[in-house]
Amino acid sequence: MQQRRVNRGNKSGNYNLPSPIGGLNARDSLDLMDETDAIVMDNYIPSETKVTLRKGYTRYVTTGKPVKTLVEFKSESGRNRFFAFSDTSLWDITSASAPVDLEKNYTNDEWQTVQFKNRLFAVNGYDKPQTFYIDDSDEAVWEDAEFSGTNLVPELLVNVASSKQRLWFVEKGSMKAWYSEGVSEIKGNLLSFDMTTVARDGGYLVAVASWTQDGGQGMDDLTVFLTSEGEALVYAGSNPNSADDWVLKGVYRISRPIGYRCTLQYQGDVIVITEDGYLPLSKALPIERANNSQIAFSDKIRGLVLERTATGRNKFGWQPIIYSRGGYAIFNVPYNQAYEQHVINLSTGAWCRFTNIRAFCWGIYQTRAYFGTIDGVMLFDEGHADDRNYIEGHVEQAFTRLGSFNLKKVQLLNPRTIAFNQFALVIYTNTDFGTSKTDYVENIGKAGLTKWDQVKWSSFEHPSGTRWAVLQGTIRSQWIGNSATGFKFSVVFKTKTRGNLIEWYDTGLRYQEGVGII
C-alpha cells in the first residue's frame, strides 16, 4: 500500500466550520459526508443558517391513563374542540383547566379519525364507529355513526379517510374497503369494494388516501389503497359504481407500510411511513408527473429508519404530523420501550432526531403540537425544559479535513453561539473516524459560581466542559483548548440545559500542521 506523503513544513491556520445545517446523515459513509452534515444530531434542529436547541414541553392535562389518540375538531365558527382517547374513555380536553371525562366505555383507545362535512369520524376495529358534531342547539354530540351495509360488521372498520367527496373505511384484516353510496353522505348505506383479485401479493388493506397530483382539488385527484405487503392500488375517477368513472391506473410496488397511521397528506402529496423510510408517493410511483414533488423528503436517514423498523415495525406509535408552526414534520417512532422522533425541516429537507420524548401519539390543536403520554397530554414546543427536566443536546458533526490534506493538531475551538442564560458546554473533536465519549455537565445558571471559587462551578464532583457565559442576543465567541492530532476532525457539541435557548452558528478551529506536532 502506498504510504501517505505528509508535508512537514511549519504551518498554522484557522478554519471556519459552519454548524451542521445539512442535518443528520444516516446514509453516507463517514468519509463521504459533507462537512455540514451530522453523524449524530439529537434535539438540535437545523435551519438555513444555524442549528437551534429544540424547545421543551409542559403538562397540559392529566387523565391518569395512557393517551393513544389525540384529535381536533375544526368548527366553522372557530370554536374548535380537542379530544383525547385514554384507555377505555374519551376526554374533552379543549380547556386545559377543565378537562371533562365523557365517561365512555370503549374497548380500545387506538382510533383513526377523519373530519368530513363538519363531522368527525373515528374507528378502531373493535368498537362501533363514532362521530362527533355540533347540533342545531349548539350542543356537542358524540354518538355511534349511523352506517349499515350488506354483510357489514361496523366494529371491524379500522381506518377511515375521505377521497373524491366520499368517506372510505378499511375493514380490519381483509382486502375490503367500504365507501358511502352517495357523494357527501355522512350516514346511511355503505358499499363494499373488494381488492382481493387486484392485489397480487395478498395481505390486507391498511389505508386509503387521496392523492392530488396537480396540487389542488381537481380532475387529477387519485384514490390510493395501500396494502400490508407494500402494494399501492391507484384508481382514477369519483364513482366506484361506474365502470366509466372508476379506472385502475396501476398496481405499484412500494416498501411495506407501517401501522394504520402510516399516511400524511401535505401539499397535495401523500407521504407513507414504510420499512425503508418516509416516502412521498410522488417519488415512489412511476406515474406521469409523479416525480414533480415539491417536498424535500429524502432517504438521508434511511439507515436510522431501517434500524428502527427492523425491531419495531409491529409496535404501536408510528405516526406522522406536520407542525407548521415550527416549520417541520415529525415522525413518531417506537423502539424498545422508548420513543424517538425523526424530524425534517420542511424548507431545507435537513433531518434531526428528538429524544427523551415518550410520546404515544401526536395531535395538533389551534396550530400547537401536543402528545399523549402514560398519564395525560403534554403541550410541546413550550418553554425550555422537558416538564422541568433537562433537555440533552448532542451533535457530532461530519468529519472534515479543515481544507488541508496534511497531518494537523487542532489546538483551539471557538463555537459561536447565542443563548439567553449561562450554560455548560462540552465541545471537543473526534479524530480520523474515531469516537470518544465525554458526559454532559449540568446547566449552571447560578450567580457567583465561577471556576475559581472555593465552591465548584458545577454540581458534579469532577465537572468537564466550559461554563459558557452569554450576553443576551449577541454571539458568544471564545477560544477553548482542544489538543487533537489527525487528518480529519469531527466537532462534538453537547449541552444539558433547562430554561435556555441555544443557537449554534459556526465553529472556528485553530490548528498547527507540520514539524513538531507529534
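## Asn80 and its neighbours

The side chains of Asn80 and Glu72 are joined by a polar contact of 3.0 Å (a pair of N or O atoms within 3.5 Å; within protein, one must be able to donate a hydrogen and the other to accept it, and residues adjacent in sequence count only if both atoms are side-chain atoms). The model is predicted, so local features need pLDDT of at least 70 and side-chain atom pairs count only at pLDDT 80 or more, while totals for chains, interfaces and linings use all residues. Residues are numbered from 1 along each chain as its sequence is written, and side-chain values use heavy atoms, with hydrogens and water left out.

Where does Asn80 sit? Look in the loop between strand E7 (67–73) and strand E8 (81–86); strands (E, at least two residues) are DSSP runs, numbered from the N terminus. A polar atom of the Asn80 side chain also lies 2.9 Å from the backbone nitrogen of Ser75. Beyond its neighbours within four places in sequence, Asn80 has contacts (heavy atoms within 4.5 Å) that include Thr94, Tyr365 and Gln366.

## Buried or exposed?

Asn80 counts as buried because its relative accessibility is 12%; buried means under 20% relative accessible area, exposed over 50%, and partly exposed in between (1.4 Å probe, protein chains only). Cys262 is buried at 0%, and Cys361 is buried with 0% as well. Phe405, by contrast, is exposed, with a relative accessible area of 58%.

You can find Phe405 in the loop between strand E34 (391–397) and strand E35 (408–419). Phe405 and Lys488 are 83 residues apart in sequence, and their C-alpha atoms are 8.5 Å apart in space.

## The pockets

The largest pocket has a volume of about 1700 Å³. Here a pocket is an open set of points on a 1 Å grid over the protein atoms alone, where a 1.4 Å probe fits, with protein on both sides within 12 Å along at least five of seven lines; lining residues have an atom within 4 Å of a point. Grid points are joined across faces, edges and corners, and a volume is the space filled by probe spheres set on the points. Of the 50 lining residues, Thr113, Val114, Gln115, Leu264 and Gln265 are the closest to the centre of the largest pocket.

The second largest pocket has a volume of about 520 Å³. Its lining has 23 residues, and those nearest its centre are Ile258, Gly259, Tyr260, Asn314 and Lys315.

Note on methods
Helix = DSSP H or I, 4+ residues; strand = E, 2+ residues; numbered from the N terminus.
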